[in-house]
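Take a look at the model below.

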Amino acid sequence: MPPAKKKPSSNASKERKITEQTGTIDSQREEIADLKDQISAAKFDLPLLKIADTVLMVPLVGTLDSVKSQKVMEDILINIKLEEIRVLVIDIAGIKVVDSSVAAHLVKIAKATRLMGCKSIVSGISPNIAQSIVNLGVDTSGIETTNTLKDAMTLAYSAIGIELVSKG
Amino acid sequence: MLSQVFIVKQTVIVQLNVEDFSFPRFGHDLAVEIQRKRCKQVIFDMSSSKTLSSLELSQLEQVIENLRLNGIKARVCGIHPISAALLVHFKYDFNNIEFSLHVDAALDAFASR
């Protein structure tokens with residue numbers, strides 16, 4: 001019996017299958033990466049430091065992506081409601097890179113806190129960060145900013161009627 | 001009007017029912033009611049409405065603008081954290097509205113002026 005001839009279309013269909021499977025594997029890899037981000041955001045413990053009766057200080061370090069920033073915002077807003085916070089200080093001195101998305105996340109956090117009647121101050125803005133925010137064209141008109149945490153603390157305390165006076 | 005209205009320290013407190021926005025003359029009727037009570041400031045307490053849409057908040061902004069034209073100062077308080085987190089994703093800034101955490105904070109803010 002003569003051997004069965006290979007159909008010319010069988011190779012093409014195999015290639016198509018391989019391309020499809022590669023695509024599926026790529027999309028699954030992306031899904032896994034997203035899930036890893038979500039897991040790291042869920043594990044991420046935000047230090048919420050209550051430095052006075054109605055003043056909350058949040059030091060942000062590392063990177064700030066959309067998943068992490070959403071969690072930061074939710075944690076802050078719930079804390080504002082529970083602890084009756086009137087002034088929020090976000091220190092971004094520990095943020096590695098402040099790009100347009102980080103700036104947009106900060107603006108969103110500030111807007112959300114304003115909706116809850118809480119004043120927000122962003123500290124740790126170095127001249128370089130200020131320059132990059134201006135160059136990126138991010139509207140930060142609704143946010144009060146300071147260079148150092150000390151300046152932010154002074155502003156925060158004065159907002160609740162406390163004046164810091166040195167003893168000497 | 002479905003919203004409930006109280007007076008504390010010469011300030012009208014409106015426990016807002018967002019269904020009132022469906023009445024086209026709500027802002028006008030509220031301004032008349034507040035002037036009849038001889039008050040000059042009003043607090044909109046949103047604590048009873050857990051979910052607040054951007055449309056409802058922009059309708060409230062119009063009501064507040066109506067009141068401002070009538071010489072009445074307004075503040076909004078009691079926005080739920082979930083609503084606040086959702087509202088920031090919309091393009092509106094609500095820069096013309098002043099917000100407080102709760103009614104007491106809003107009363108304090110009026111008193112400190």
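In chain B, residue B:K9 sits in the loop between strand 1 and strand 2. Keep that loop in view; we return to it at the end. This is a predicted model.

Start with the dimensions of chain A. Its C-alpha atoms fill a box of roughly 105 × 35 × 30 Å along the principal axes. The radius of gyration is 25 Å, whereas a compact globule of 168 residues would have one near 15 Å. Buried residues account for 33% of the 168 residues in chain A. Charge comes next. Chain A carries 21 positive and 20 negative side chains, and the centres of these two sets are 9 Å apart.

Now the fold of chain A. There are five helices and five strands. Along the sequence they follow the pattern α-β-β-α-β-α-β-α-β-α. Take the contacts in chain A between residues at least 6 apart in sequence: 74% of them join residues at least 24 apart.

Strands of a sheet pair through backbone hydrogen bonds, either parallel or antiparallel. Strand 4 (residues 119-123) and strand 5 of chain A pair in the parallel sense, over two bridges. For A:V122, the bridge partner in strand 5 of chain A is A:T145.

Turn to chain B and helix 4 (residues 103-111). Its buried residues are B:V103, B:A105, B:A106, B:L107, B:A109 and B:F110. What do the buried residues of helix 4 of chain B pack against? They pack against strand 1 (4-8), strand 2 (11-15), strand 3 (41-45), strand 4 (73-77) and strand 5 (99-100) of chain B.

Finish with the backbone angles. Most residues other than glycine have a negative phi. B:K9 is not a glycine, yet has a positive phi of about 50°. B:K9 is exposed, with a relative accessible area of 68%. B:R38 is likewise not a glycine and has a positive phi of about 55°. Where is B:R38 placed? B:R38 lies in the loop between helix 1 (26-36) and strand 3 of chain B. B:R38 is exposed, with a relative accessible area of 71%.

Key
Residues numbered from 1 in each chain as written. Chains lettered and ligands numbered in written order. Predicted model: local features only at pLDDT ≥ 70, side-chain atom pairs only at ≥ 80, totals over all residues. Heavy atoms only, no water. Helix = DSSP H or I, 4+ residues; strand = E, 2+ residues; numbered from the N terminus. Rg over C-alpha atoms; globule rule 2.2 N^0.38 Å. Buried < 20%, exposed > 50% of the residue type's maximum accessible area, 1.4 Å probe, protein only. Contact = heavy atoms within 4.5 Å. Lys, Arg positive; Asp, Glu negative; His and termini not counted. Charge placed at Lys NZ, Arg CZ, Asp CG, Glu CD. Pairing = 2+ DSSP bridges.
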